[in-house]
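Open the structure viewer and keep the sequence beside it.

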Amino acid sequence: MLGEERLKKFHEFIEGFSKEELIWINGYLSGIVINGKKNGATHNIEHKHHISLNKRISLVFGTETGNSKKLAAQLATIGKKKGINVKLVDLSQYRLSDLLNEEYFFIVISTQGEGEPPAPAKKFYDYIHENDLRLPDLKFSVLALGDSSYPMFCKTGEDVDARLFHFGGKRIATLQKCDVDYEDDANRWFEAVLSYVNNQPVESPKPISEQTVAKKPSGKKYYKGTVLTNINLNDHGSNKRTYHIEIGTDEPIDYEPGDTIGIIPQNRKEVVDKIISLTGINADRIIQTSKISATVKELLTSHLNICYLLTSTIKKYAAIVEKEIPDNRVDLLELLQNYPINNEEQFEKVLKILMPISPRLYSVSSAPSAHGEKEIHFTVAINRFFKEQEQRFGLCSEFLGFLPVNSVLTFYVHKDKNFKLPTAEKDIIMIGPGTGVAPFRSFLAERDITGATGRNWFFFGEQRFTTDFLYQTEMQNYVQTGVLNKIDLAFSRDGEEKIYVQHRMIQKAEELYKWIDNGASVYISGKKDPMSRDVENTLLQIIEQQGKKTSDEAYEYLEQLKKEGRYEKDVY
Ligand SMILES: Cc1cc2nc3c(=O)[nH]c(=O)nc-3n(C[C@H](O)[C@H](O)[C@H](O)COP(=O)(O)O)c2cc1C
């Protein structure tokens, strides 16, 4: 028992701590009691906390009717409360090549049909049965859901367990079969696997000098990457196409959540081939432009802009072919068709007046801590460019949208010093409709894996819930596991009235202002016009009304947030 004075001090001390911090303090104090020595306890506990944060733990689920999913989400929440971050993934979304890199891999999977895998997990099930893999570093365990009234009780779980063992994986807890009342068995299984994870030392990180860190860029550092995944996030029936693209490299990529990736697009092969056949030029002829010496084909494919030419370029073209050409911006192919060149030499001159292909920037949607440092993700909307300058921007989005898996592309990282997460205990408010979601996927992944205690609130909007809720499963998982404390959605075409994120902000004005006034950072990402302007006006309105301020004071308040780095925008 504490005396009155000490109790008062204790209450003063814990005032303002979050629930997670109190849970941590609870564990910390128990550690002191158990170890009987303050300093030793401090060391041990911090070390242990660190251990689980540094391990890569995936909890995947395969479900048909939702039981395995519900259970896996509950288990992930339990893990989080114990300070152990697990990456929760639906097997229908699981990237099969990731299996080779898993460290701790826990599977919750049901059996369906007559001993068959659940439909969403069939791709994974077939993959591990049709391939012979070597997984000597994998530490795994399977939780099988089933119903003992079926003759093939928990057959899929048994099959998965047997295959992973066959691949050389280490079974860290025996296969746990569960009947329809699965809760208790599942909890015991999870306790067992977590206790194993916690008692394993983490591999000590190599000293910096031994790591293969990408060289500090002198100028821009270009990476060669291979496309690992390229999927359209919108469902059938959507007006949009938004691609989630994952790129893998052989070397670590120097980037952080909040950065952008610069992609150098390539011109379409059919167009390049048409230009070559139309001009009759030898595709292998080497040409020296002011910047580079390369073959005609390489220049046209990877270096020179042939789309939506500048009016100054069109003027130069007109001078070469000695024709009057209106200065409307058109593609090179159109010019060549309408105002043909006379010979190869003329075309060589044309090649020398073309501008280089300019890179396109996209917000990074991954985090090295969560997705590995040799991987980078981004999100590309095809219609992102249609509104303003269709042809100029169509090149890169079309190029990326049709980029097949395994194709190679060049990219660089553009650092954004300002659009960065605050310290772990701070709250954040993220407003990112459409592709504005990209940096927030990255923020959430980082906060999830690092166990950041600050609260996270996300406002997302698109046209329709059923077809356009980008990264829906991931966001729902974040809600279930408590990483996302709040999510507010606005689907503009689902109801009679058009609802946008700013309308949701107004509905939550009181709470929103409280978060901001208590120190939360506010981020806006996505279209500059009209979205970011509408959102900013709404923010001012909320500050004015909830903070009982004049409009000038509200403006000053927002300015102050900017100065403190608590109001950041990534808009385009
Ligand atoms: C059509 C159907 C077929 C099933 N077949 C089997 C079976 O062969 N073996 C088994 O152990 N359980 C079987 N089950 C039971 C499920 O595995 C069990 O209900 C489980 O909790 C479902 O988990 P899920 O919601 O994650 O898919 C079957 C269930 C249904 C609806």
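**Around the ligand**

A polar backbone atom of Met152 sits 2.8 Å from a nitrogen atom of the ligand. The protein covers 82% of the 640 Å² of accessible area that the ligand has on its own. Keep in mind that this is a predicted model.

Thr65 uses its side chain: one of its polar atoms lies 2.4 Å from a ligand oxygen. Thr111 uses its backbone instead, with an N or O atom 2.6 Å from an oxygen atom of the ligand.

Now widen the view to the whole shell. It holds 19 residues, and those that come nearest are Thr63, Thr65, Asn67, Ser68 and Thr111. What classes make up this shell? Eleven of its residues are polar, five are nonpolar and three are charged.

Next, look at two backbone details. Cys154 has a positive phi, about 55°, although it is not a glycine. Find Cys154 in the loop that links β4 (139-145) to α6 (155-166). The second detail is a cis peptide bond. It joins Asp529 to Pro530, with omega at about -5°. Pro530 belongs to helix α20, which spans residues 528-546.

Turn now to how helices pack. Start with α8 (residues 269-279) and α9 (residues 296-303). Their axes come within 10 Å and cross at roughly 145°. Is this crossing left-handed or right-handed? The crossing of α8 and α9 is right-handed. On the α8 side, the contact is made by Val272, Asp273, Ile275 and Ile276. From α9 come Lys297, Leu300 and Thr301. By class, the residues of this contact are four nonpolar, one polar and two charged.

A second pair is α15 (residues 437-450) with α17 (residues 472-480). These helices pack at an angle of about 40°, and their axes are 12 Å apart. Here the crossing is left-handed. Which residues make the contact between α15 and α17? Helix α15 supplies Val437, Arg441, Leu444, Ala445 and Asp448. Helix α17 supplies Glu474, Met475 and Tyr478. The contact of α15 with α17 has five nonpolar residues, three charged ones and no polar ones.

Finish at Lys486. This residue is in strand β17, which covers residues 486-491. Trace from Lys486 to Phe459. They are 27 residues apart in sequence, and their C-alpha atoms are 8.5 Å apart in space. Leaving aside residues up to four places away in sequence, what does Lys486 touch? Its contacts are Asn456, Trp457, Phe458, Glu511 and Trp515.

Note on methods:
Residues are numbered from 1 along each chain as its sequence is written. This is a predicted model: local features need pLDDT of at least 70, side-chain atom pairs count only at pLDDT 80 or more; totals for chains, interfaces and linings use all residues. Side-chain values use heavy atoms; hydrogens and water are left out. Axes are lines fitted to C-alpha atoms, for helices over the stretch in contact, and angles run from 0 to 180 degrees between N-to-C directions. Helices (H or I, at least four residues) and strands (E, at least two) are DSSP runs, numbered from the N terminus. A crossing is left-handed if the near helix is turned anticlockwise from the far one by less than a right angle, and right-handed if clockwise. Contact means heavy atoms within 4.5 Å. Ala, Val, Leu, Ile, Met, Phe, Trp, Tyr, Cys and Pro count as nonpolar, Asp, Glu, Lys and Arg as charged, and the others, Gly among them, as polar. A residue is near a molecule or strand if one of its heavy atoms lies within 4 Å of it. A polar contact is a pair of N or O atoms within 3.5 Å; within protein, one must be able to donate a hydrogen and the other to accept it, and residues adjacent in sequence count only if both atoms are side-chain atoms. Accessible areas come from the Shrake-Rupley method with a 1.4 Å probe; for residues, only the protein chains shown count as cover.
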